[in-house]
Structures are given as C-alpha cells and as structure tokens.
Amino acid sequence: MLQKVWVSSPGSWALQESNGHHRGKKRCWKCRFVRTIIQHPCWRHAPKRSRRERMLRKIQICLCFCFVSGLLYEISLLSSSVFSYLPVAQHYLTPEQVLNLGKSIIFLETTERLEPPPLVSCSVESAARIYQDRPIILFMRGLTNETALDMNTSYAAFSLLSSMKNVFIFPLQMETVFQETPLLQWYNQVVPEQEKNWVHVSSDASRLALIWKYGGIYMDTDVISIRPIPQRSFLAAQKSRFSSNGIFGFPARHKFVWDCMENFVLKYNGNIWGNQGPFLMTRMLKTLCNLTDFQGTEDHSCQNISFLNPQRFYPIPYPAWGRYYQVWDKSPSFNHSYALHLWNFMNRNRKVVEAGSNTLAEKLYKTYCPTTYEDLIQNAKHRDLPSPEDT
C-alpha cells in the first residue's frame, strides 16, 4: 500500500512503501507515473483484477489525460507568446483578458464608421507582422457587442484583420475605459455634441487611460510599423522640443501618464486642437526636463523617459506629408525609423494608395502590409474594371 510521495533530488521522484518491495529499490517509470497520479500500486505488481475493474481504471486514466490536455490548452490561450490557438478563441476573450497579457499595441477608432479604410488596415496589419508575440488591439467607437459578431461577413477589412492570429477588435466603451482615472469626472460632465473636436479629444483621453491601466504602446491608425521599438517608456518627438501623442509607450500605472490625465482635466479646452494631445505631452515633458534641439539621429532621455528623435517616426515632416503619395526616383531606406506616420489628418484631399501608381505609399503597403494591399487595393482595382458585358 502506497504511503507517501517525496522528492529525493531536483527533477527526480522516489516512492516508499510499507511492505511488498525492498526499500529504496527503483521502480519502472510507468509504475511511478501511474502511482503518483492515481495513488495506487502499479498493475505490474498489483494483484490481478477483474475485467470490470481494469476497464474502470482505463477510463480513469483517460479522464486524467483529457483533464491535463484541457488545462494545457487553456494556459496556451492566455500566453502572451503563443498565439497559434487564438483565432479559435478570439470571440470569447474580453478586452481585459487580452490587455492583461501585457505589452499590447493599441489602436483607436473614435468615429462611428464600421469599415476600416485601407490605411487603418495597413497600420494594424503592419503592427501584427512586426510584433508577432504581442496582442494588437483595435478599439472601435461604432462597434457594439451586438454588431461585433457580424463584422467578419459584413466588411472586407474586418475579415482580413480578424484572420490574423494576434489581432483583436473590440468595442470602445469610454465610460468603462475612464473608470478609476481622473478622466471619468470630465467625461461625465462634457457634452460631446457641443465639442468642436470631439473625435480627437475623446481619442486623446482614451489612449491615456488605456496605457495607464494596462501599459503597452499606443499608435495612431495612420502609423505603419517597419521594425520593433526597443524602448519601453518613450515619447516621440515630432520636431525638436515638441512631442507628439500619435505614438507613445509606457508600463502600466506610470506616474507620467497619470499626471498627463490630471493636466488633461485641469487645462481642458476642447476648442483648441491638440491642447489635450501633442501640446499636453509637450508641456508635461517640459516640467521634467529642459528640452534641447536634436543633433543628428540621437535620442534624448528625461528621467527614465526616452524622447525619441523625429527620425524614428516622422522622417517626412507634416509640411511635406504629400511626398508619401508621390513617385520617388529612389525610395528612402528609413534606416533610422521604427514606424512611419503618414499624416492622415493633413490629407484633406483624401489621397489614397492606388495599385500600379508606384508611389512611396504603395511601396510601403506592398512591403509592410501585403495582405491589405492585395485584398483591399489590388482587388478593388480589379472590381472597378468594366466587365466584357458592360463594354
């Protein structure tokens, strides 16, 4: 009769019995495994049992195997490095479960539109390819829990993005996002219909709350990722002495982000574009250190916050944004960049990437979001061609 199980040395197991075998004699690994799992002497040395008892024992072992397999499968779903199972489980995971995995890349869509345009799709896809071991989350204001289940069949971009193993699309519920932050009181008092820049202001607030709660990297939906960002706590310089808020990253519960939320409420003015965005980041950074001009491609550091060179994300500055949609004799290498901001806010003429245009933007799509280029741009061109019957 088995009395106890004890560890004799790291990685090895030994068994003791009161009688029936010589003390200290090693048993076969099958006996030790079965006796450890079901607490019973192994079949090899046990008295012969009836057919019914043997059948029950087999069923017991099968149930143990199924339980262990199921447990390992559930663990794999919550692993931040194993995403091969996630397409099956995406519909069953909540935003909190995914965000709590850590190191998320977060995108926001604060308009009511439900069909992500190609640039949004390209931004999300490029991040999913560059950060394959991290969850990529697109929060959409126009999406609700009721409409979420129909998106895959209704819109081409949803079908494309949801097929990527580490991409998640969730409704943006601002009241939930702002819970336990200084922004909740502001949100309960503000009247969106009276706000001149509500789409931008609500996005500025949401990105701060999400990064403070869960940590990770926030990116605008017109940012194309081209290589991983090595820094964990960083702001992106749009130019010397001026920070953007189009891309930034911090660990969860970082004091700088909390201070930004407090200043957001204290200095709130929704009539000034950027007052809660890049101007907020810049004035808060200036309270920590004396900003100086960049020389070359070096980064600056301010109290453990990296202030990254404009070349990292803005190698083409906003006055020259149209160059992304021009044909270059020789395309730039962007060797000093982690991602490229395409300045969609400046694109009031709504220039788009067209198949065969040979523009810089088209080349970026082909390289960093090839699925978006193939499915949403090349296929759109083929759909627009007249059929023989029409001709």
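A charge is taken to sit over a ring if NZ of Lys or CZ of Arg is within 6 Å of the ring centre and within 35 degrees of the ring normal. In this predicted model, the charged end of R348 meets that description over the ring of F345, at 5.0 Å from its centre. The charged end of K239 likewise sits over the ring of F242, here 5.7 Å from the ring centre.

| Charged residue | Ring | Distance to ring centre |
|---|---|---|
| R348 | F345 | 5.0 Å |
| K239 | F242 | 5.7 Å |

**The largest pocket**

F345 also belongs to the lining of the largest pocket, where H200, D220, D222, N344 and F345 lie nearest the centre. The lining has 46 residues, and the pocket holds about 1200 Å³ of space. By residue class, the lining divides into 22 nonpolar, 14 polar and 10 charged residues.

Helix 11 gives the most, with five residues.

Strand 3 includes E109. With a relative accessibility of 5%, E109 is buried, because the limit for that class is under 20%. The side chain of E109 makes a polar contact of 2.6 Å with the side chain of T111.

**The cavity**

The structure holds one cavity of 30 Å³ or more. About 40 Å³ of space lies in the largest cavity. Its lining consists of N197, H200, V201, D204, I272, W273, G274, N275, Q276 and G277. These lining residues divide into three nonpolar, six polar and one charged.

**Aromatic pairs**

The count of aromatic pairs comes to 23. One of them joins F248 and F250, with ring centres 6.4 Å apart and an angle of 55° between the planes, a tilted arrangement. Both partners are buried: F248 has a relative accessible area of 0%, and F250 has a relative accessibility of 1%. Elsewhere, ring pairs link F178, W186, Y187, W198, F264 and Y268 into a cluster.

**Positive phi values**

R241 is a residue other than glycine with a positive phi, near 65°. The loop between strand 8 and strand 9 contains R241. At 41% relative accessibility, R241 is partly exposed, because its value falls between the 20% and 50% limits.

Q303 is not a glycine either, and has a positive phi of about 50°. Q303 lies in the loop between strand 10 (300-302) and strand 11 (305-308). Is Q303 buried or exposed? Its relative accessibility is 56%, so Q303 counts as exposed, the limit for that class being over 50%.

How values were computed
Residues are numbered from 1 along each chain as its sequence is written. This is a predicted model: local features need pLDDT of at least 70, side-chain atom pairs count only at pLDDT 80 or more; totals for chains, interfaces and linings use all residues. Side-chain values use heavy atoms; hydrogens and water are left out. Rings of Phe, Tyr and Trp (its six-membered ring) pair if their centres lie within 6.5 Å; planes under 30 degrees apart count as stacked, over 60 as edge-to-face and the rest as tilted. Buried means under 20% relative accessible area, exposed over 50%, partly exposed in between (1.4 Å probe, protein chains only). On a 1 Å grid over the protein atoms alone, a cavity is a set of points where a 1.4 Å probe fits but cannot get out, and a pocket is an open set with protein on both sides within 12 Å along at least five of seven lines; lining residues have an atom within 4 Å of a point. Grid points are joined across faces, edges and corners, and a volume is the space filled by probe spheres set on the points. Helices (H or I, at least four residues) and strands (E, at least two) are DSSP runs, numbered from the N terminus. Ala, Val, Leu, Ile, Met, Phe, Trp, Tyr, Cys and Pro count as nonpolar, Asp, Glu, Lys and Arg as charged, and the others, Gly among them, as polar. A polar contact is a pair of N or O atoms within 3.5 Å; within protein, one must be able to donate a hydrogen and the other to accept it, and residues adjacent in sequence count only if both atoms are side-chain atoms.
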